[in-house]
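Here's a quick briefing to read alongside the model. Have the sequence and the 3D view open, and follow the topics in turn.

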Amino acid sequence: MAGGGLSGRSGFNPLNGHQRIAVNLDAEDAHFAGPAAFTMRRGRIEGVILLDPAGTSLEGQVAARGVSRGLLSIARLGAQASLRGGSGQVRARIAGSRGRDFAFDAIADVAPDHYSIRGQGTLDRQPFALETP
């Protein structure tokens with residue numbers, strides 16, 4: 001896969017009767033059009049998704065720098081996800097400094113019928129935390 005600032009590979013193949021999708025992509029000055037258009041100076045996404053009717057499984061990670069959409073600007077973004085049968089955890093860290101300095105670390109616990117998010121960070125170097133999950 002190449003073009004539009006993306007390069008890498010994606011593969012679709014069956015595994016035990018279910019669709020498996022593997023992605024390994026790099027972004028360099030990428031522009032994504034659409035109603036939620038955004039740009040990314042540099043990034044990488046790696047992951048495997050298994051589409052199982054009993055529950056989707058996903059293992060993956062994302063790292064990006066210079067992500068912007070409209071007035072939102074994120075200097076750094078990192079996330080890891082691990083889900084089995086639709087349950088698991090997603091961890092994310094974002095930081096930026098255009099306009100106001102901010103950093104935020106979050107953990108989302110995911111289940112098929114429920115999710116909770118906890119997190120903490122800083123805004124203009126002042127600490128904050130989510131009060132309840």
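## Aromatic pairs

Let's start with the rings: the structure holds two aromatic pairs. Rings of Phe, Tyr and Trp (its six-membered ring) pair if their centres lie within 6.5 Å, and planes under 30 degrees apart count as stacked, over 60 as edge-to-face and the rest as tilted.

Before going further, note that this is a predicted model, where local features need pLDDT of at least 70, side-chain atom pairs count only at pLDDT 80 or more, and totals for chains, interfaces and linings use all residues. Residues are numbered from 1 along each chain as its sequence is written, and side-chain values use heavy atoms, with hydrogens and water left out.

- Phe32 has a relative accessible area of 24%, so it is partly exposed (buried means under 20% relative accessible area, exposed over 50%, partly exposed in between, with a 1.4 Å probe and protein chains only).
- Phe38 is partly exposed because its relative accessible area is 27%.
- Phe104 and Phe128 also count as stacked, because their ring planes sit at 5° with the centres 5.8 Å apart.
- That pair ties together distant parts of the chain: Phe104 belongs to strand β8 (residues 102–111) and Phe128 to strand β10 (residues 126–129), 24 residues apart. Strands here are DSSP runs of E with at least two residues, numbered from the N terminus.
- With 34% relative accessibility, Phe128 counts as partly exposed.

- Strand β2 (residues 6–15) runs antiparallel to strand β3 (residues 18–32), with 10 bridges joining them. For two strands to pair, DSSP has to find at least two bridges between them.
- The β2 and β3 hairpin has two residues between its strands, and Asn16 in the turn shows a positive phi of about 50°.
- On to the next pairing: β3 and strand β4 (residues 38–51) are antiparallel over 13 bridges, and Glu28 is bridged to Arg42 in β4.
- Five residues separate the strands in the β3 and β4 hairpin, where Gly34 has a positive phi near 125°.

- Strand β7 (residues 87–96) pairs with β8 in the antiparallel sense, using nine bridges.
- Within that pairing, look for Gln89, whose bridge partner in β8 is Asp109.
- The hairpin of β7 and β8 has five residues between the strands, and Gly99 takes a positive phi near 85° there.
- β8 also pairs with β9, again antiparallel, over 10 bridges; Ile107 has Arg118 in β9 as its bridge partner.
- The β8 and β9 hairpin has two residues between the strands.

- Asp29 is not a glycine, yet its phi is positive at about 50°.
- Asp29 sits in strand β3, and at 48% relative accessibility Asp29 counts as partly exposed.
- Asp124 is another non-glycine residue with a positive phi, near 50°.
- You'll find Asp124 in the loop between β9 (114–123) and β10, and its 35% relative accessibility makes it partly exposed.

## A buried serine

- Is Ser73 buried or exposed? Ser73 counts as buried because its relative accessibility is 16%.
- Ser73 lies in strand β6 (residues 72–84).
- Setting aside neighbours within four places in sequence, Ser73 contacts Val67, Ser68, Gly96, Arg98 and Phe102, where contact means heavy atoms within 4.5 Å.

## The largest pocket

- The largest pocket has a volume of about 180 Å³. A pocket is an open set of points on a 1 Å grid over the protein atoms alone, where a 1.4 Å probe fits, with protein on both sides within 12 Å along at least five of seven lines; lining residues have an atom within 4 Å of a point. Grid points are joined across faces, edges and corners, and the volume is the space filled by probe spheres set on the points.
- Which residues lie nearest the centre of the largest pocket? They are Ile45, Glu46, Gly47, Leu58 and Gly60, out of 16 residues that line it.
- β3, β4, β5 (57–69) and β6 each give at least two residues to the lining of the largest pocket.
- By type, the lining of the largest pocket has 10 nonpolar, four polar and two charged residues. Ala, Val, Leu, Ile, Met, Phe, Trp, Tyr, Cys and Pro count as nonpolar, Asp, Glu, Lys and Arg as charged, and the others, Gly among them, as polar.

Methods
Helices (H or I, at least four residues) and strands (E, at least two) are DSSP runs, numbered from the N terminus.
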